[in-house]
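User: Please take me through this model slowly, one feature at a time. I would like to begin with how to judge confidence before turning to the fold.

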Amino acid sequence: MATVEGTARFVERVLASGRLHPSNARRLGPFACTALGFGAYRLVPEGSATGAATAATASGALTRALDSVNVIDTSSHYAFGHSERVIGATLHGRPRDELIVCTKVGHVPRGEMPKGAVPIGAHRGAGTTSDDWHCISPTFVDSEVKVPIADAWDEMYQSLFEAFKILERLCNDGIITSGYGVSSNFLSCMFSVTGLPNLYESLVLDRVVDAAASAARAEGLQKHRFQVAQLPLNAFENGAVLGRTPGTQAEGDCSMAQRLGVSILTNRPINALPMPGVSTGDWGRGGNSYLQLREAKPMGTTQSLLKRVVLDALADAKAKAEAEATLQQVALRLASSSNVSCTLNGAHQTKYVEDLEDVLKVASLSESQVQRAMQSVRSMATELGCQTKGLW
């Protein structure tokens, strides 16, 4: 904890070293401080933002900054608790009484609206569960301080760690012979398992793999047997390929999985959760209803437009010719690009099996083709008035 004596000692030291001009020696309440501090909003997991710091580089940056500044600003919800963990690890062994660490309470997990909460931008309306909310009611603040959001995530990953230890033992016993994995709506997926914009309910793939590695070490093994992650991917729900916002996860989980040596299974290539906000045609979500990416007579407005947009994005004539099939085959090809190990499609009727057969006969689309087509779908959604907040 910061003390008057400790912070004064820090400021006197940096003044004497020449790293601090006297005019930049300030006070923060009773404490001596530097005029500039370290904002930790950008201490995010690897791959979650363009140019964002990895854990190693973030710790290095903070270590260097602490030669000159003694104020650190963070929050329990910055990067889903990752920011606080980096800070805690970096400060270990340092004279804590010299450093002022500011954190925050009052950020409500998305999907919750406790009594006394107000939506960010409350002047625009009453707000919904899909908005970001703040709350400073005594009950909420008390629970927030005692059980930070980061602790809840830590508890979730601790549960995964314990489960992974059991799975590693089953692998050792030969009961599981090919490894194990997790099926979830990972962070790059636009929607959570409850259909809300995906944030607080999501798993972060690299942290899941870290939990598997820790479980393997706990069992005396050098390498984990975590092999596969399964997630939804289709023309509309394309975050696993394109990523989302820099503040959420700019890198798609498909490319992240490649870096981590994890295979990707995808599901729901034809049954998509459409983006909300377009009230005409068949864009209305109607709860968690699906938009079927399937040929029909007559063809739905959205499906027809989607097919045209995707085909136009496939500039290569051969690719367009191969894709000039049914909408479901176009959708299957998009979801089964070269960086996906396998796309799972419910083929409980012969006609569905025929679609699989037809798609498997032609060359898969390249990663660049898939990215271009899915980006075109996003542009289409934006032009039609889709609400993208919380999605990408």
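**Confidence, sheets and helix packing**

Analyst: Over residues 121-125 the pLDDT stays under 50, pLDDT being the predictor's confidence in each residue, from 0 to 100. For this stretch the model has 2 contacts beyond four places in sequence, a contact meaning heavy atoms within 4.5 Å. Residues 278-288 also have pLDDT below 50, but that stretch has 27 contacts in the model beyond near neighbours in sequence. This is a predicted model, in which local features need pLDDT of at least 70 and side-chain atom pairs count only at pLDDT 80 or more, while totals for chains, interfaces and linings use all residues. Residues are numbered from 1 along each chain as its sequence is written, and side-chain values use heavy atoms, with hydrogens and water left out.

User: Where in the protein is confidence lowest, and where is it highest?

Analyst: The mean pLDDT of the protein is 77, with 73% of its residues reaching 70 or more. Confidence is lowest in helix H10 (residues 317-323), with a mean of 52, and highest in H6, with 94; helices (H or I, at least four residues) and strands (E, at least two) are DSSP runs, numbered from the N terminus.

User: How should I read the sheets, and in what order do the strands of the open sheet of 4 strands lie?

Analyst: Strands of a sheet pair through backbone hydrogen bonds, either parallel or antiparallel. Here the order is E9-E10-E11-E14, with parallel pairing, where two strands pair if DSSP finds at least two bridges between them. Strand E9 (180-183) and strand E14 (342-343) are its edge strands, each pairing on one side only. E9 is joined to strand E10 (residues 226-232) in the parallel sense over 4 bridges, and valine 182 stands opposite alanine 229 in E10.

Another open sheet has 3 strands in the order E3-E4-E5, and its pairing is parallel. Strand E3 (38-39) and strand E5 (100-102) each have a single partner strand, so one side of each is left without a neighbour in the sheet. Strand E4 (residues 71-73) pairs with E5 over 3 bridges, and isoleucine 72 has valine 101 in E5 as its bridge partner.

User: At what angle do the axes of H6 and H8 cross?

Analyst: Axes are lines fitted to C-alpha atoms, for helices over the stretch in contact, and angles run from 0 to 180 degrees between N-to-C directions. The axes of H6 (residues 205-218) and H8 (residues 253-260) come within 10 Å and cross at roughly 30°. H6 and H8 are therefore roughly parallel, since angles under 35 degrees count as roughly parallel, over 145 as roughly antiparallel, 65 to 115 as roughly perpendicular and the rest as oblique. In this contact Leu205, Asp206 and Val209 of H6 meet Asp253, Met256, Ala257 and Leu260 of H8. These residues divide into 5 nonpolar, no polar and 2 charged, with Ala, Val, Leu, Ile, Met, Phe, Trp, Tyr, Cys and Pro counted as nonpolar, Asp, Glu, Lys and Arg as charged, and the others, Gly among them, as polar.

User: Which residues make the contact between H9 and H13?

Analyst: The axes of helix H9 (residues 301-313) and helix H13 (residues 367-383) come within 8 Å and cross at roughly 135°, which makes H9 oblique to H13. Leu305, Leu306, Val309, Val310 and Ala313 of H9 make the contact with Arg372, Ala373, Ser376, Val377 and Met380 of H13. By class there are 8 nonpolar, 1 polar and 1 charged residues.

User: Which residues does a cis peptide bond join?

Analyst: Most residues other than glycine have a negative phi, and most peptide bonds are trans. Here lysine 297 and proline 298 are joined by a cis peptide bond, with omega about -5°, and proline 298 lies in the loop between strand E13 (291-292) and H9. Arginine 268, although not a glycine, has a positive phi of about 55°.
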